[in-house]
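Here is a friendly walk through one model, told as questions and answers. Let's look at it together.

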Amino acid sequence: MALLINELCVNCDVCEPVCPNKAIYQGESIYEIARERCTECVGHHEVPQCVEVCPVECIDVDVAQPETRGQLELKYRALMAEENAA
Ligand code: SF4
Ligand code: SF4
């Protein structure tokens, strides 16, 4: 599942630079995660890096968007192919 930042976000900007997929950006009022770029850090790290650094624990899994580990790995490979082609 991609992750989702909830309304408790304090816009501290700590998570954005640690995302290996450049999935996090400043939204209209709080930080947001581009679902199509979030792999739960699969392919890069054992645990989601944004969750590790967030000081207010406001990053949840998006249960409305279930994805298997296999799907996350495919997403990771597609992102890497896109990066290598750039
Ligand atoms: Fe980025 Fe990983 Fe957080 Fe997803 S879980 S937004 S890939 S840091
Ligand atoms: Fe928001 Fe947490 Fe990211 Fe800070 S680390 S910008 S509080 S989601």
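Q: Which residues are around ligand 1?
A: A residue counts as near a molecule if one of its heavy atoms lies within 4 Å of it. The model is predicted, with local features needing pLDDT of at least 70 and side-chain atom pairs pLDDT 80 or more, while totals for chains, interfaces and linings use all residues. Residues are numbered from 1 along each chain as its sequence is written, chains are lettered from A and ligands numbered from 1 in the order in which they are written, and side-chain values use heavy atoms, leaving out hydrogens and water. The residues around ligand 1 are Leu-3, Cys-19, Pro-20, Asn-21, Ile-24, Ile-33, Cys-38, Thr-39, Glu-40, Cys-41, Pro-48 and Cys-50.

Q: How does the shell around ligand 1 divide by class?
A: Ala, Val, Leu, Ile, Met, Phe, Trp, Tyr, Cys and Pro count as nonpolar, Asp, Glu, Lys and Arg as charged, and the others, Gly among them, as polar. On that scheme, the shell around ligand 1 has 9 nonpolar, 2 polar and 1 charged.

Q: Is Thr-39 buried or exposed?
A: Thr-39 is one of the residues around ligand 1, and its place is the loop between β3 and α1; helices (H or I, at least four residues) and strands (E, at least two) are DSSP runs numbered from the N terminus. Buried means under 20% relative accessible area, exposed over 50%, and partly exposed in between, with a 1.4 Å probe and protein chains only. With a relative accessible area of 0%, Thr-39 is buried.

Q: Which residues does Thr-39 touch, not counting residues up to four places away in sequence?
A: Contact here means heavy atoms within 4.5 Å. Leaving out residues up to four places away in sequence, Thr-39 touches Asn-21, Leu-72, Lys-75, Tyr-76 and Leu-79.

Q: What is the phi of Glu-40, which is not a glycine?
A: Glu-40 lies in the loop between β3 (31-33) and α1 (49-53). Its relative accessible area is 22%, so Glu-40 is partly exposed. Although Glu-40 is not a glycine, its phi is positive, at about 60°.

Q: And what is the phi of Glu-57?
A: Glu-57 sits in the loop between α1 and β4 (59-61). Glu-57 is exposed, because its relative accessible area is 68%. For this residue other than glycine, phi is positive and near 50°.

Q: Which residues come nearest to ligand 2?
A: By class, the shell around ligand 2 has 11 nonpolar, 1 polar and 1 charged residues. There are 13 residues around ligand 2, and those that come nearest are Cys-9, Val-10, Cys-12, Cys-15 and Cys-54.

Q: What accessible area do Leu-8, Val-10 and Val-56 have together?
A: Patches are made of residues with over 30% relative accessible area and no salt bridge, with like charges joined within 9 Å and nonpolar side chains (Val, Leu, Ile, Met, Phe, Trp, Tyr) within 5 Å. Val-56, in the loop between α1 and β4, is partly exposed at 33% relative accessibility. Leu-8, Val-10 and Val-56 form a nonpolar patch on the surface, and their accessible area together (Shrake-Rupley method, 1.4 Å probe, only the protein chains shown counting as cover) is about 250 Å².

Q: How many salt bridges does a search of the whole structure find?
A: A salt bridge is a side-chain nitrogen of Lys or Arg within 4 Å of a carboxyl oxygen of Asp or Glu. A search of the whole structure finds 4.

Q: How many residues apart in sequence are the parts that Arg-37 and Glu-82 tie together?
A: Arg-37 and Glu-82 form a salt bridge, their closest N and O atoms being 3.2 Å apart. Arg-37 lies in the loop between β3 and α1 and Glu-82 in helix α2 (residues 69-85), so the parts tied together by the pair are apart in sequence by 45 residues.

Q: Which residue forms a salt bridge with Glu-67?
A: Glu-67 is partly exposed at 22% relative accessibility. The closest N and O atoms are 3.0 Å apart in the salt bridge of Glu-67 with Lys-75.

Q: Where do Arg-69 and Glu-73 lie?
A: The side chains of Arg-69 and Glu-73 meet in a salt bridge, 3.2 Å from N to O. They are 4 residues apart, about one turn of the helix, and both lie in helix α2.
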